[in-house]
Amino acid sequence: MIVNTVPIPQPRHRISGNRRYIPKNHPIHEYKQMLKFAWAISGEEKRDGAIHADIVFYLLKPKSTKRTQPTVRPDIDNYVKAVLDVLNGLAYDDDSQIVSLHAQKRYGEPRVEIELGEYEC
């Protein structure tokens with residue numbers, strides 16, 4: 001599944017008293033809705049059993065950098081967390097089913113490529 005949007009990492013929750021939240025105006029909410037919609041129209045079925053996830057995040061390369069790989073913040077685990085949270089309950093019953101994960105940050109036209117498959121030893 002390919003989602004043509006700028007990848008957004010999962011933000012840290014804000015804390016107010018005993019309440020943890022992400023502000024309503026944060027772009028992560030729109031991003032997650034876009035991922036849900038993309039999964040819904042992909043026609044892919046919910047997975048059972050052990051799953052391998054392969055996720056590639058394409059980021060715009062800043063004109064000021066000479067790096068060939070995006071070795072800067074945000075960290076890749078925050079990008080992954082946002083995607084896996086959205087797919088939990090849609091693509092699989094629980095994210096504990098993911099037993100193998102390969103994730104990458106690359107420069108290119110902004111998008112997220114997600115491939116879920118049956119885990120093979």
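What share of the contacts in the chain with a separation of 6 or more is accounted for by residues 24 or more positions apart? In this predicted model, such residues account for 82% of those contacts. The paragraphs below follow the chain from its overall layout to its core and then to individual elements.

The chain contains two helices and six strands. Read from the N terminus, these elements follow the order β-β-β-α-β-α-β-β. The C-alpha trace spans about 45 × 45 × 25 Å along its principal axes. Of the 121 residues in the chain, 37% are buried. The chain exposes about 8,000 Å², and carbon and sulfur atoms supply 48% of that area. As for charge, the chain carries 18 positive and 16 negative charges, whose mean positions lie 14 Å apart.

The interior may be considered next. In soluble globular proteins, nonpolar side chains tend to be buried together. The largest nonpolar core of this model has 28 residues, among which Tyr31, Phe57, Val83, Leu87, Tyr92, Ile114 and Leu116 touch the most other members. At least two residues of this core come from each of α1, β4 (51–59), α2 (76–87), β5 (98–107) and β6 (111–118). The largest share, seven residues, is supplied by α2. Tyr92 illustrates how parts of the chain meet: leaving aside residues up to four places away in sequence, Tyr92 touches Lys46, Arg47, Ile51, Leu84, Leu87, Gln97, Ile98 and Leu116.

Within α2, the residues Tyr79, Val80, Ala82, Val83, Leu84, Val86 and Leu87 are buried. The buried residues of α2 pack against both α1 and the strands β4, β5 and β6. Just after the helix, Gly89 adopts a positive phi of about 90°.

Pro27 is located in the loop that lies between β3 (19–21) and α1 (28–42). Is Pro27 buried, partly exposed or exposed? Pro27 counts as partly exposed because its relative accessibility is 45%, a value that falls between the 20% limit for buried residues and the 50% limit for exposed ones. From C-alpha to C-alpha, Pro27 and Ala38 are 17 Å apart in space, with a separation of 11 residues in sequence.

Methods
Residues numbered from 1 in each chain as written. Predicted model: local features only at pLDDT ≥ 70, side-chain atom pairs only at ≥ 80, totals over all residues. Heavy atoms only, no water. Helix = DSSP H or I, 4+ residues; strand = E, 2+ residues; numbered from the N terminus. Buried < 20%, exposed > 50% of the residue type's maximum accessible area, 1.4 Å probe, protein only. Core = buried A, V, L, I, M, F, W, Y, C linked by side-chain atoms within 4.5 Å. Contact = heavy atoms within 4.5 Å. Areas by Shrake-Rupley, 256 points an atom, 1.4 Å probe, with all protein chains shown as cover. Lys, Arg positive; Asp, Glu negative; His and termini not counted. Charge placed at Lys NZ, Arg CZ, Asp CG, Glu CD.
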